[in-house]
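Morning, everyone. Please have the structure open and follow along as I go.

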Amino acid sequence: MAFDYEQYLRVDRLPHIWCPGCGHGIIFKALLRSIHGLEIDKNDVMLVSGIGCASRLPGYADFNTLHTTHGRALPFATGIKVMKPNLHVIVTSGDGDAVAIGGNHFIHTCRRNIDMTLIVFNNSIYGMTGGQVSPTTPYGSFASTAPWGNLSVHFDFMKLAQGAGATFVARATTYHVKLLEKVITKAIDHKGFSVVEVLEDCPTAYGRRNKMRGPVQMMKFWKDNCVMIDALEKLPLEAAKEKIPIGIFSQTTRQEFTDEQHQVAQRAMGEE
Amino acid sequence: MSGPKFKSGLRLMSGNEAVAEAALYAGCRFFAGYPITPSTEIAEVLSKRLPQVGGFFLQMEDEIASIAATLGASLAGAKSMTATSGPGFSLKQENIGYGCIAEIPCVVVNVQRGGPSTGIPTGPMQGDIMQARWGTHGDHPVIVLYPDGVEDAFWETIRAFNLAERYRTPVILLTDEVIGHMRERMFLPKPGTVSIYNRRKPRRIPEKYYPYQGGTQDVPTMAPYGEGYRFHVTGLFHDRTGFPTNEPAVIDAEMRRLLRKISRAYNDIVKWEELFMDDAEEVIVAFGCTARSARAAVKRLRARDRKVGLFRLKTVWPFPERALIKIAKRAHVKKMLVPEMNNGQVLFEVERVAGKYCDVEGLQRLDSEMITPRQIIRALREN
């Protein structure tokens with residue numbers, strides 16, 4: 001039986017603003033299936049976003065939803081989580097939102113290990129403003145503000161998240177939808193700060209400038225170039241270098257920020 | 001809210017300590033901040049005190065995160081506060097605007113120092129009057145309070161929280177470096193004796209709740225996140241449902257309501273102090289630490305039978321223009337003098353509202369030193 005997405009949608013807010021061929025819908029649907037699979041009550045889901053195409057997602061979802069300022073979704077979400085620890089706080093963010101303007105918040109939220117989930121919609125470009133170079137645009141790619149090719153090396157989200165202390169770090173793509181749903185489910189279920197990077201497609205703003213005119217071509221790129229991280233180790237070194245690893249990069253446990261905050265308050269209230 | 005966690009009685013406190021303690025009295029249970037001179041003591045005190053009353057203190061990665069977390073906590077139902085000084089106040093401006101349009105109560109303390117830029121972190125100046133009014137982009141309503149000492153800082157902080165909750169808006173508390181760091185005797189009241197206002201929650205069922213429907217006094221009721229009301233909040237122009245709109249008529253109506261909700265509450269928000277004003281021929285319009293010098297000057301001049309009075313702004317924004325016009329129109333009022341530690345930011349306002357009816361003169365210092373009573377007396381003599 002087909003999955004009933006409408007139970008989680010604000011149908012009256014549709015149609016959405018995303019372009020044909022955009023990968024956001026695929027991630028959105030995977031997120032809704034994950035929430036459904038985890039049997040989380042709609043009243044207990046808190047979706048927070050910043051600014052950009054991915055940040056419009058909360059408006060379409062029938063949860064508690066907050067659309068904040070550019071790059072600031074994580075600190076807004078932190079305030080909410082500390083006050084309402086029972087909420088499953090999920091942040092949807094684009095690549096520019098998460099690690100350009102919001103980069104400082106990103107690393108510090110990883111460090112704090114607060115029990116929230118960040119889903120990064122990484123389409124390697126600023127889509128909403130029309131295709132400017134982003135911190136995840138690959139070196140040499142073209143963008144409206146990189147007409148001679150991007151001169152900077154892109155961030156590796158996974159290394160960044162791990163280095164900064166996130167306790168669940170995973171990557172999927174819009175082609176690998178089963179994996180996508182699985183990692184989002186595990187991320188939400190994980191106690192601590194979880195980061196899911198989703199490699200996805202912006203044919204309108206990225207593809208057209210980089211010889212990938214259609215979404216199919218872009219999805220095929222993920223199919224041909226991504227390899228599960230554990231399978232990567234079995235490849236010869238030279239071949240492995242060319243591939244993009246996907247899957248769960250790391251999952252660890254350590255003290256969680258909200259718990260600690262509430263424990264401190266309990267302790268301080270008890271002392272006279 | 002009582003017991004040993006609130007020690008009422010006579011205390012020697014700094015202005016920053018008074019602000020922190022007052023926040024707890026007002027019901028603040030969340031503070032997010034970033035170290036910056038001369039406001040840091042507010043964060044330090046609250047890092048210890050908030051957990052003692054079951055609240056939460058977060059030192060964030062920067063000033064922007066601090067105001068963002070403060071707004072988030074408020075949306076989740078908490079009375080919340082952040083505190084900073086000049087450079088940090090600049091950094092917070094975008095999200096202060098977010099708080100205005102998304103109608104999120106919170107208190108933002110700016111213990112002013114010399115500026116622009118790094119300026120003088122350890123010295124007083126009063127240059128953020130206009131930034132407090134217009135710092136964030138776009139038309140927006142603003143409430144700005146300005147105490148003149150430690151005890152006043154305590155009560156104005158409580159008033160800031162009450163106004164934020166009543167009008168669903170960020171309230172800015174401006175203080176001076178010298179007020180933040182000065183110690184004065186003050187009386188801490190018994191917690192139950194302080195009048196506290198809590199935001200109005202919706203009585204309607206979630207299906208019929210509109211988070212931005214003005215209602216009485218143009219102030220919408222506010223549901224906290226996570227209690228069954230699955231509403232949407234955005235910084236985009238929105239309609240009463242909270243969802244974005246491009247409809248010009250809806251935008252116009254919402255913008256006008258947003259501004260009207262504060263302007264129509266003038267009598268509730270705008271407060272001032274008058275000293276020897278009944279027969280004053282010369283009126284000193286002052287605020288913050290400068291008002292302390294003005295008070296001393298007025299007393300000395302009265303001892304010499306000069307008919308001088310003090311009008312002290314307790315609310316800077318909305319500007320107390322109705323009160324000042326009324327005074328300026330009095331036949332015996334010949335002049336107003338506006339001493340301030342900036343290049344005439346309040347002078348411009350006083351000229352605007354009173355300039356038609358009496359002389360308006362300024363007295364400015366830009367060297368991060370306080371204006372003395374003697375300077376004020378000399379300025380009155382010269383003019």
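Which residue of strand 9 of chain B does A:T65 stand opposite? A:T65 stands opposite B:H232. Strands here are DSSP runs of E, at least two residues long, and helices are runs of H or I, at least four, both numbered from the N terminus.

A word on the model. It is predicted: local features need pLDDT of at least 70, side-chain atom pairs count only at pLDDT 80 or more, and totals for chains, interfaces and linings use all residues. Residues are numbered from 1 along each chain as its sequence is written, while chains are lettered from A and ligands numbered from 1 in the order in which they are written.

Back to the strands. Strand 2 of chain A, residues 64-67, pairs with strand 9 of chain B. The sense is parallel, over 3 bridges. Two strands pair if DSSP finds at least two bridges between them.

Now the whole contact between the chains. Chain A gives 34 residues and chain B gives 37. Two residues are in contact if their C-beta atoms, placed from the backbone, lie within 7 Å. On the chain B side, several elements supply at least two residues each, including helix 2 (40-52), helix 3 (63-75) and strand 9 (232-234). Helix 3 of chain B has the largest share, 9 residues. By class, that side of chain B has 21 nonpolar, 12 polar and 4 charged residues. Nonpolar means Ala, Val, Leu, Ile, Met, Phe, Trp, Tyr, Cys and Pro; charged means Asp, Glu, Lys and Arg; the others, Gly among them, are polar.

Next, inside chain B. There are domain 1 (3-193), domain 2 (206-267) and domain 3 (275-382). The bounds come from an automatic or database domain assignment. The C-alpha centres of domains 1 and 3 of chain B lie 27 Å apart.

Last stop: helix 5 of chain A, residues 157-164. Which of its residues are buried? They are A:F157, A:L160 and A:A161. Buried means 20 or more other C-beta atoms within 10 Å of the residue's own, all placed from the backbone. Seen down the axis of helix 5, these residues fall within an arc of 95°, so they line one face. That arc is taken over the directions from the helix axis to the C-beta atoms. Among the elements covering them are helix 3 (95-99) and strand 4 (116-122) of chain A. Just after helix 5, A:G165 takes a positive phi of about 110°.

Definitions and conventions:
Buried ≥ 20, exposed ≤ 12 C-beta atoms within 10 Å, placed from the backbone.
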